[in-house]
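Reader: Could we go through this structure together? I would like to begin with the loops and then turn to helix packing and cavities.

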Protein chains: 2
Amino acid sequence: MTTMQDVATRAKVSAKTVSRVFNDDPHVTEDTRQRVQSAMRELKYVPNMMARTFREGKSAVIGIAVPDVADPFFAAVTKGIELAARENDMAIVVTSLGDNPSLEQSIIETTVRHQIGGLIMAPIADDQSYLARWQDSFPIVFIDRAPSKLNADYFVEDDFGGAFDATQHLIAHGHRRVAIVGDSTEVPTTRLRFQGYLAALDAAGMEHSEELIALGSRDADAAAQVCQRLLALPDPPTAIFSSNARFSTGVFPALQRMGRTDIALISFGDFPMADVLQPSVSVIDQDPRHVGRVAAERILARIATPAKRFRRKNVLSVKLIERQSCQPAPAVAVPVAAP
Amino acid sequence: MTTMQDVATRAKVSAKTVSRVFNDDPHVTEDTRQRVQSAMRELKYVPNMMARTFREGKSAVIGIAVPDVADPFFAAVTKGIELAARENDMAIVVTSLGDNPSLEQSIIETTVRHQIGGLIMAPIADDQSYLARWQDSFPIVFIDRAPSKLNADYFVEDDFGGAFDATQHLIAHGHRRVAIVGDSTEVPTTRLRFQGYLAALDAAGMEHSEELIALGSRDADAAAQVCQRLLALPDPPTAIFSSNARFSTGVFPALQRMGRTDIALISFGDFPMADVLQPSVSVIDQDPRHVGRVAAERILARIATPAKRFRRKNVLSVKLIERQSCQPAPAVAVPVAAP
DNA sequence: GCAAGTCATGTCATCGATGTCATGGAATTC
DNA sequence: GAATTCCATGACATCGATGACATGACTTGC
């Protein structure tokens, strides 16, 4: 690895002058500039990022911590962050938090040791107070879920509104028995989506029925089983609102295996191939790439102007993509007594 | 940020002694050890990774460069690398190379500035000779494609064998008109898959027909159009071998839009939801997570034992996952003259 | 013609952790 | 009791880039 000193020696100047040339300092004569530049070329000089940022005390790296980098949603978020970061010459270090909330803190602390210049995370635990002491070292932005027990910037989707729209969409198609499938309401995101669901039923003057509320599944497989149970009810749902994309990839095949593609389905969160399934699945799209971009831009803005004030809470709108999975409910939805 | 010096001052020792305590050096009395440790706790000391690795000249970070982090295949590879890296206390910095080969070098050079401890990349250009000068600074491992004009470790899937198996599978189901859709044969991976395709036809004693070779598409959309053209032929294919997963996500919907789900399809590379599409798509599975893991393990092994010799070329086996998309060819495959 | 200003370049210190060597006291050996 | 070894600890230099400040040459103004 050639250093500035190597280049300096070759160009017969001091290391400082090489630094000046490298950083386009105007106080260098054209002559020396030429000499230094050709020395750099000959020695194939590549700056040691780490030395620079070590000195600055802050690296040109944005840390990203999400539940799972391989999840299509977070992979797209990562892409969005990466593109925005690269435009500003920053790199990204990525970490998966997994699904064990108790590991969150130690994973984050490991990431933080790398002297990151900013952190973007989608939390999985319900207490981020441990991050407080880093807040004045580098900006922290939360995505997907708001932080708990910590004041920090966050960008979340409009969970309530999206769920409301999704449910309303089903109702508008004539469905009166609408089930909701999702994970635990202890997850704030899910709680909001559940509230949106209830609000939409309420707005339509409908009662919600406890048996159609199937929250608390752990994963896509569990969600699939829950569907079976729902459809076995005496008075089964004609439509299902899947409150997250990961579960939808379990719910859809389950419906298919049971031969019940007549059941309407709408998913909070788009997922791969949703548009080419039979029937294609209507979704509430969250535009993950955009989420990543705005989060990254906030980090960059906070780095550039630390004093400036920004809005902490940011709700990103979602939009309903209508496909085929929400056909009208069968005309004879209510069991009628024999005439 | 509290430094070792801060801790030292508080514990009334030198920074060096704090360093010793931190690194479990036995030459410290129990008494001082206690004092230092409590000082560390009180000040919430967290080591400055960057200072350490700057001194060492090499960071505890593995660089990953793939065409697109959001692509499900590479997202899964990344996950595999991450898991293996984390077990060894290494972080990962991820970069997307995009699809413009001429940018590869500059993107990689930007990544390299971060003093990475190793590099795992899936190249997109056809010349990696520019990496030669870093080869003795840190280990480099290629995945998915072998490097060009550079000697380095690589782990590739069995492109030839997988393509052979896929094609043979179609033939075994009675197909005699088997088309291949893919990108340019300038891509080594594609070239090998094409050769596997030809070899399988040959092994079955079949001639290949030029009109069924539809290579050179740029993206999934182009591949979709190519399918239309294929099916419009006077003597159209009854089966299609899609030589990469990304294109399959274009080919499948195209067949569906044309109402030609009777056409058999097999994809080199699994893709999300392939198992729940109608019909579900048979694929050659590459196990991306495993690819990531073995690549990371090689990097770690090279770091741990630089002198040891390893096998450069590593071909990972692939396996055929049979689903529904390869039904037998229609019995009346050849147009017959009216009796 | 000389003081003040301008400008190219260099010297030194710094960021935090740690390897190298020095120091000085205690323990051990003959 | 003197010589030797051991051991805890500290002082200093180091990694590479760069900010603060110094230096010395040359220009400008009156």
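**Loops, helix packing and cavities**

Author: P279(A) lies in the loop between β9 (264-268) and β10 (282-285) of chain A. Please note that this is a predicted model.

Reader: What is the peptide bond from Q278(A) to P279(A), cis or trans?

Author: The bond joining Q278(A) to P279(A) is cis, with omega near -5 degrees.

Reader: And in chain B, where is P279(B) found, and what is the omega of the bond from Q278(B)?

Author: P279(B) sits in the loop between β9 (264-268) and β10 (282-285) of chain B. The peptide bond from Q278(B) to P279(B) is cis, and its omega is near -5 degrees.

Reader: What about D24(B): is its phi positive or negative?

Author: D24(B) is not a glycine, yet its phi is positive, at about 55 degrees. This residue belongs to the loop between α2 (15-22) and α3 (30-43) of chain B.

Reader: Let us move to the helices. At what angle do α1 and α2 of chain A pack?

Author: Helix α1 (residues 4-11) of chain A and helix α2 (residues 15-22) of chain A pack at about 105 degrees, and their axes are 8 Å apart. That angle makes α1(A) roughly perpendicular to α2(A).

Reader: Which residues meet there?

Author: From α1(A), M4(A), Q5(A), V7(A) and A8(A) meet A15(A), V18(A), S19(A) and F22(A) of α2(A). The contact of α1(A) with α2(A) comprises six nonpolar, two polar and no charged residues.

Reader: How does α1(A) pack with α3(A), at what angle and how far apart?

Author: The angle between α1(A) and helix α3 (residues 30-43) of chain A is about 125 degrees, with the axes 9 Å apart. α1(A) and α3(A) are therefore oblique to each other. Their crossing is right-handed.

Reader: Which side chains or backbones are involved, by residue?

Author: D6(A), V7(A), R10(A) and A11(A) of α1(A) meet R35(A), V36(A), A39(A), M40(A), E42(A) and L43(A) of α3(A). By class, the contact of α1(A) with α3(A) has six nonpolar, no polar and four charged residues. V7(A) is named in this contact and also in the contact of α1(A) with α2(A).

Reader: And the pair α5(A) and α11(A): how do their axes cross?

Author: The axes of helix α5 (residues 72-86) and helix α11 (residues 288-304), both of chain A, come within 7 Å and cross at roughly 40 degrees. α5(A) and α11(A) are therefore oblique to each other. The crossing of α5(A) past α11(A) is right-handed.

Reader: Which residues make that contact?

Author: α5(A) contributes F73(A), A76(A), V77(A), K79(A), G80(A), I81(A), L83(A) and A84(A), while α11(A) contributes P288(A), R289(A), G292(A), R293(A), A296(A) and L300(A). The residues of this contact divide into nine nonpolar, two polar and three charged.

Reader: Turning to cavities, how many are there of 30 Å³ or more?

Author: The structure holds four cavities of 30 Å³ or more. About 180 Å³ of space lies in the largest cavity.

Reader: Which residues are closest to the centre of the largest cavity?

Author: Of the 15 lining residues, M50(A), H114(A), M50(B), V61(B) and H114(B) are the closest to its centre. The elements that give two or more residues to this lining are α4 (49-56) of chain A together with α4 (49-56) of chain B.

Reader: Which element gives the most?

Author: α4(B) gives the most to the lining of the largest cavity, with three residues. By class, that lining has nine nonpolar, six polar and no charged residues.

Terms used:
Residues numbered from 1 in each chain as written. Chains lettered and ligands numbered in written order. Predicted model: local features only at pLDDT ≥ 70, side-chain atom pairs only at ≥ 80, totals over all residues. Heavy atoms only, no water. Axes fitted to C-alpha atoms, helices over the stretch in contact; angles between N-to-C directions. Helix = DSSP H or I, 4+ residues; strand = E, 2+ residues; numbered from the N terminus. Parallel < 35°, antiparallel > 145°, perpendicular 65-115°, else oblique. Left-handed = near helix turned anticlockwise from the far one by under 90°. Contact = heavy atoms within 4.5 Å. Nonpolar A, V, L, I, M, F, W, Y, C, P; charged D, E, K, R; others polar. 1 Å grid on protein atoms, 1.4 Å probe; cavity = no way out; pocket = protein on both sides within 12 Å on 5 of 7 lines; lining within 4 Å. Points joined across faces, edges and corners; volume = space filled by probe spheres on them.
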